[in-house]
Amino acid sequence: MQPFIRIFGLTLQAQPFVILIGYVAASWLAGKAAARRGLDEDVVSSALFVSGIAWLVGARLGYVILNLNAYLPDPLSALALNASALNTWTGLIIASAVFATSLRLKGELTVAWLDPLAPAAAVFAMGLALASYFDGSAYGLPTTAPWAANVWGVNRHPVQIYEIAGLAVLLIALVRLPATLPAGALALTFVCAYAALRLALAGLRADPMPLVAGMRVEQIAAAVVAATAAFLLGEHLTDSRGSTANLEGD
Amino acid sequence: MEVARSPKSRLPYSLPFTRVLAVVLLVSGLTYSWLTRPHAEVADQMQTSARVGAVAPDMVLPLLDGEIQKLSELRGNVVVLNFWASWCGPCRAEMPALQAVQQDYARKGVVVMGVNQQEDAQTVAGFMNSVGASFPTMLDLDASVTHTYRVTGLPTTYFIGRDGVIRDAVFGGPMARGLIASKVESLLRAGD
């Protein structure tokens, strides 16, 4: 665990710094992936920039609203710079809405824009996993494996490293898939594969997680998401192939 | 040339591979979730550790007045364990917030407990007077507790539930009053 990093004499909190680096790298990759698909690189870059800010605002707003009693005596403390007072889900909802709105205002809101986000999301997820490694969260079960990492004084599965490795393989696969796949297919492939990866890795984690019927909620949700994405992908590819066949027959 | 389609499906082929894959993923995923569900005995083995979800390691340290304080004696209260030092700028900046939370929540069973890193009682007392803080502070003169809690930067704050389990941690600062209060209230609700 290394929650602080020192760069050029400055002591920084590792988690937000690594997440920021991951976001910048993901935005760059999304632009390149968009260009590869014949889409406007600047459109996706500007949309992601605005969405990033929207995520921060939405995440802070969500956290404050959900803890309103705590902030009422000192409302200005809602503006304090601290990465611990953020609600990921409200941030994601608002950021997604802003992203879609940004594309719509440019007349570019189509399913095709989801595909450049797929490799970008893989890179961003790698940043999140690395951030977890630095702050010691999402740690693994004890193990005697030779590659175990000593976390919290015990040799454990380096689950965050497993996730980064899995995402690296997924990223390579996504980049190698042909750009001629139907719009949305790449995004569905990413969702299916990443959900399956999270499902597998959650079984190796030892940190407290919400449970239902003794099972981790994350694993159940990941199984449902992976299965749904695989089903939708199959439908999407089959419909596209059927449409193409009809066109060829005319 | 038209492609023949089955009457019950808009697909030109029989059940595609990915539909089978979807079902396999769902069934195998849920089975895997069941087989790898958390076991109580694993959690018991790793019970005491300075990580979220584990019982906070106990400490026996002197307070400013010389009295000896054990962390475990605070079991039953929500504890905000704040590691700090007078030379740490963000530590100084968050002192008023910590003091405010101590005053507002003391009657609800919340204790703000400082752990000063390797400074003598006179220095610590003078500093706390200067920032208007009066919450109890333990003196970790040899940094043994700091080492046990793997504190690599200041301030570092652990939020400990009534059961003595670390429920949250904040690395760095300064923490605002709202942030500290939100985490305290979350622990108070959990303990109800």
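These questions and answers go through a predicted model, from ring pairs to strands and chain totals.

Me: How many aromatic pairs are there over all chains?
Reply: A pair of aromatic rings is described by the distance of the centres and the angle of the planes. Rings pair if their centres lie within 6.5 Å. By this rule, the count over all chains is 7 aromatic pairs.

Me: Which class of aromatic pair do A:F190 and A:Y194 form?
Reply: The ring centres of A:F190 and A:Y194 are 5.5 Å apart. The angle between the planes is 10°. Planes under 30 degrees apart count as stacked. The pair of A:F190 and A:Y194 is therefore stacked.

Me: Why are A:F190 and A:Y194 separated by about one helical turn?
Reply: Both residues belong to helix α7 (residues 185–202) of chain A. A:F190 and A:Y194 are separated by about one helical turn because, within that helix, they are 4 residues apart.

Me: Are A:F190 and A:Y194 buried or exposed?
Reply: Buried means under 20% relative accessible area. A:F190 has 10%. A:Y194 has 17%. A:F190 is therefore buried, and A:Y194 also counts as buried.

Me: What type of aromatic pair do B:F83 and B:Y158 form?
Reply: The centres of the B:F83 and B:Y158 rings lie 6.1 Å apart. Their planes make an angle of 80°. Planes over 60 degrees apart count as edge-to-face. So B:F83 and B:Y158 are edge-to-face.

Me: How many residues apart are B:F83 and B:Y158?
Reply: B:F83 is in strand β3 (residues 78–84) of chain B. B:Y158 is in strand β6 (residues 156–160) of chain B. The pair links distant parts of the chain, and the separation is 75 residues.

Me: What relative accessibility do B:F83 and B:Y158 have?
Reply: B:F83 counts as buried. B:Y158 is buried too. The value for B:F83 is 1%, and for B:Y158 it is 1%.

Me: Which residue is linked with B:F83 and B:Y158 into a cluster?
Reply: B:F83 and B:Y158 form an aromatic pair. Ring pairs link these two into a cluster with another residue, B:Y149.

Me: Which residue's ring does the charged end of B:R37 sit over?
Reply: A charge sits over a ring if CZ of Arg is within 6 Å of the ring centre and within 35 degrees of the ring normal. The charged end of B:R37 is 3.8 Å from the centre of its ring. That ring belongs to B:W34.

Me: Which cysteines does the disulfide join, and what is its handedness?
Reply: A disulfide is a covalent bond between the sulfur atoms of two cysteines. The count over all chains is 1 disulfide. It joins B:C88 to B:C91, S to S 2.2 Å. With 85° about the S-S bond, the link of B:C88 and B:C91 is right-handed.

Me: What are the relative accessible areas of B:C88 and B:C91?
Reply: B:C88 is buried. B:C91 is buried as well. The area is 5% for B:C88 and 1% for B:C91.

Me: Which residues does A:S51 touch, not counting residues up to four places away in sequence?
Reply: A:S51 is found in helix α2 (residues 41–66) of chain A. A:S51 is buried, with a relative accessible area of 5%. The residues touched by A:S51 are A:Y23, A:A95, A:V98 and A:F99.

Me: What share of the 250 residues in chain A is buried?
Reply: Chain A has 8 helices and 6 strands. The C-alpha trace of chain A spans about 65 × 50 × 45 Å along its principal axes. The buried share of chain A is 44%.

Methods. Residues numbered from 1 in each chain as written. Chains lettered and ligands numbered in written order. Predicted model: local features only at pLDDT ≥ 70, side-chain atom pairs only at ≥ 80, totals over all residues. Heavy atoms only, no water. Phe/Tyr/Trp six-rings, centres within 6.5 Å; stacked < 30°, edge-to-face > 60°. Helix = DSSP H or I, 4+ residues; strand = E, 2+ residues; numbered from the N terminus. Buried < 20%, exposed > 50% of the residue type's maximum accessible area, 1.4 Å probe, protein only. Disulfide = S-S within 2.5 Å. Contact = heavy atoms within 4.5 Å.
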